[in-house]
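Subject: Structure handover and notes

Hi,

Here is the structure I promised to pass on.

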Amino acid sequence: MNSALFKGYEELMKEVTEFLAPYLSHNFNTQRITVAAIFSSFISCCEGNVELLTSLINSILVRLGDTDFYVKILVLRGLGNVADCGEEEVFFFFFFFFLKK
């Protein structure tokens, strides 16, 4: 759905991401779950847009320590969606997060 929704309007995805990002830190579980689900699905649509992909990954990685089980599951699903972005992005984030000293 996201790829069809933002096809040709990739700049809008960044604006939507910036609008929704504060809701990841709110007190209500439903808000955090919803935004985590949206961000996780956005990640698979970021092929070639490393800046947006980095922003999304940083946003959801903060929620990996969330108290809600469903938020954690959605964060893990989003991290798995990085594979949909292409080989170059996968290697970039592998080296950036795991081999950085």
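Below is what I found in it, from the overall fold down to single residues.

First, some housekeeping. This is a predicted model, so local features need pLDDT of at least 70 and side-chain atom pairs count only at pLDDT 80 or more, while totals for chains, interfaces and linings use all residues. Residues are numbered from 1 along each chain as its sequence is written, and side-chain values use heavy atoms, with hydrogens and water left out.

**Overall fold**

The chain has 6 helices and 0 strands; helices (H or I, at least four residues) and strands (E, at least two) are DSSP runs, numbered from the N terminus. Of its 101 residues, 32% count as buried. Here buried means under 20% relative accessible area, exposed over 50%, and partly exposed in between, with a 1.4 Å probe and protein chains only. Among contacts (heavy atoms within 4.5 Å) with a separation of 6 or more, 60% are between residues 24 or more positions apart. The accessible surface comes to about 6,500 Å², and 62% of that belongs to carbon and sulfur atoms; the areas come from the Shrake-Rupley method with a 1.4 Å probe, and for residues only the protein chains shown count as cover.

**The interior**

Helix α2 (residues 10–20) has M13, T17 and L20 as its buried residues. They sit on the same side of α2, because they cover an arc of only 75° around the axis, taken from the directions from the helix axis to the C-beta atoms. These buried residues pack against α3 (29–43) and α4 (50–62).

The largest nonpolar core has 20 residues, and F39, I43, C46, L53, L56 and I57 touch the most other members. Such a core is a set of buried Ala, Val, Leu, Ile, Met, Phe, Trp, Tyr and Cys residues joined through side-chain atoms within 4.5 Å. At least two of its residues come from each of α2, α3, α4 and α5. Leaving out residues up to four places away in sequence, F39 touches T17, L20, A21, L24, L56, S59 and I60.

N81, in the loop between α5 (69–80) and α6 (87–98), is also buried, with a relative accessible area of 17%.

**Salt bridges**

I count 4 salt bridges, each being a side-chain nitrogen of Lys or Arg within 4 Å of a carboxyl oxygen of Asp or Glu. E51 and K14 form one of them (2.8 Å, N to O). E51 lies in helix α4 and K14 in helix α2, so this pair ties together parts that are 37 residues apart in sequence. E51 is exposed at 56% relative accessibility, whereas K14 is partly exposed at 35%.

D66 and R32 also meet in a salt bridge (2.8 Å, N to O). D66 is in the loop between α4 and α5 and R32 in helix α3, so the pair ties together parts that are 34 residues apart in sequence. Both D66 and R32 are buried. D66 forms a salt bridge with R63 too, with the closest N and O atoms 3.0 Å apart, and R63 is buried as well. Elsewhere, salt bridges that share partners join K14, E18 and E51 into one network.

Best wishes
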